[in-house]
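Please look through the sequence and the structure before reading on.

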Amino acid sequence: RAIVRELDRIKEQKPSMGSNAIPTLDVDPSLFDSRFLKKIDDLGEGHFGKVELCIYDPYGDHTGQMVAVKSLKSESDGPESCNLRREISTMRELYHQNIVKYKGICTEEGRTIKLIMEYLPAGSLKDYLPKKKAQISQHRLLLYAMQICQGMDYLGSQNYIHRDLAARNVLVKSETHVKIGDFGLTKSIKNNENYYTVKEEQDSPVYWYAPECLIHRKFYKASDVWSFGVTLYELMTYCDRKCSPPEMFLNMVGPSQGQMTMARLVKALEGGWRLSCPPSCPDMVYTQMRKCWAHAPEDRVDFTHLITVFERLLS
Ligand code: ADP
Ligand code: MG
């Protein structure tokens, strides 16, 4: 009875603590309750992670929102879990119209964590461009290229290096709006050093990498510029698999070099080999690719300059 009275007194002091008063204003909107997160479809899968389309419907009345949810394939505590946590802490700091929007996280049983982001129904440029080729003009491709540069320029201004810029990691918001995603390999660089040294080598997107990444495992902002050049090449080919960057390289060195492939790639790049101008790609655009592919990082163009070039090409 004493306890009941005590509770009554507290209730009188703090009227909002009553059992039927839901403290909605105190709920952190970036914390998603796993009970209300329902999987609808698979969106993509990498070596360690997967991305799923889910509906988040906390009121259970079908007023919920669609979200994209990234989680690890195996519930582990290993380095992969560390990567996902880093991806989350990167994404939550980025606010730009050309970067996929972070929505929050979902934690389950203390340990596992999921990244909740906005859902872009049209998927990546790699899925979208081959399908919509007939409706997409070259002018439109250049608009996408400029938007990618704007997102990358912002990322660099926040002292991040993406390290995995490729058409598969650029998502389509609308016919005229693309966003950079997949911050799984993104590294923050301290102000006094302008490169990041890679330790893990598995799953490197080597055909998008600049020589210094392959040879010295160093990543600069200018290494992202090289990868942008390869992404621009993909755009201008509408992501045609027959002339994809890996395909073109393997055509050149001959199939199945096995363990030697990486060494051959480095040799070819050092010897000046570059992807050739895609069919019907304007010279002015190929010239920009070549400026992204200067051997020395300091000789490459930067994203700020590329933006002005695309602005000119688009006007
Ligand atoms: P991974 O680290 O496995 O490469 P990504 O973040 O690149 O993970 O996602 C893998 C694929 O899932 C993408 O290429 C894209 O097709 C799809 N995807 C990822 N995020 C979204 C999203 N927010 N909306 C729609 N599709 C997405
Ligand atoms: Mg990816």
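Which polar backbone atom, by residue, lies 2.8 Å from a nitrogen atom of ligand 1? That atom belongs to the backbone of E118. The model discussed here is predicted, and the account below begins with the ligand before turning to the chain around it.

**The ligand and its surroundings**

Ligand 1 has 15 residues around it, of which K70, E118, R168, N169 and D182 come nearest.

| Residue | Protein atom | Atom of ligand 1 | Distance |
|---|---|---|---|
| K70 | polar, side chain | oxygen | 2.9 Å |
| E118 | polar, backbone | nitrogen | 2.8 Å |
| D182 | N or O, side chain | oxygen | 2.8 Å |

On its own, ligand 1 has 550 Å² of accessible area, and the protein covers 84% of this. Several strands take part in the shell around the ligand: β1 (37-45), β3 and β5 each contribute at least two residues.

**The strands around β5**

Strand β3, made up of residues 65-72, runs antiparallel to β5 and is joined to it by 4 bridges. In this pairing, V69 of the chain is found opposite I116 in β5. Strand β4 (residues 102-108) is also paired with β5 in the antiparallel sense, here over 6 bridges. Y102 stands opposite M117 in β5. As a general point, side chains in a regular strand alternate between the two faces of the sheet.

**Helix α6**

Is helix α6 enclosed by the rest of the structure or open? Of its 16 residues, 15 are buried, so the helix is largely enclosed by the rest of the structure. Helix α6 covers residues 221-236 and reaches 23 Å from its first C-alpha to its last, close to the 22 Å expected at 1.5 Å a residue. Just after α6, Y238 adopts a positive phi of about 55°.

**The chain as a whole**

The secondary structure of the protein chain consists of 10 helices and 11 strands. The chain has 315 residues, and 45% of them count as buried. Among contacts between residues at least 6 apart in sequence, 63% link residues that are at least 24 apart.

How values were computed: Residues are numbered from 1 along each chain as its sequence is written. Chains are lettered from A and ligands numbered from 1 in the order in which they are written. This is a predicted model: local features need pLDDT of at least 70, side-chain atom pairs count only at pLDDT 80 or more; totals for chains, interfaces and linings use all residues. Side-chain values use heavy atoms; hydrogens and water are left out. Two strands pair if DSSP finds at least two bridges between them. The expected span of a helix is 1.5 Å times one less than its number of residues. Buried means under 20% relative accessible area, exposed over 50%, partly exposed in between (1.4 Å probe, protein chains only). Contact means heavy atoms within 4.5 Å. A residue is near a molecule or strand if one of its heavy atoms lies within 4 Å of it. A polar contact is a pair of N or O atoms within 3.5 Å; within protein, one must be able to donate a hydrogen and the other to accept it, and residues adjacent in sequence count only if both atoms are side-chain atoms. Accessible areas come from the Shrake-Rupley method with a 1.4 Å probe; for residues, only the protein chains shown count as cover.
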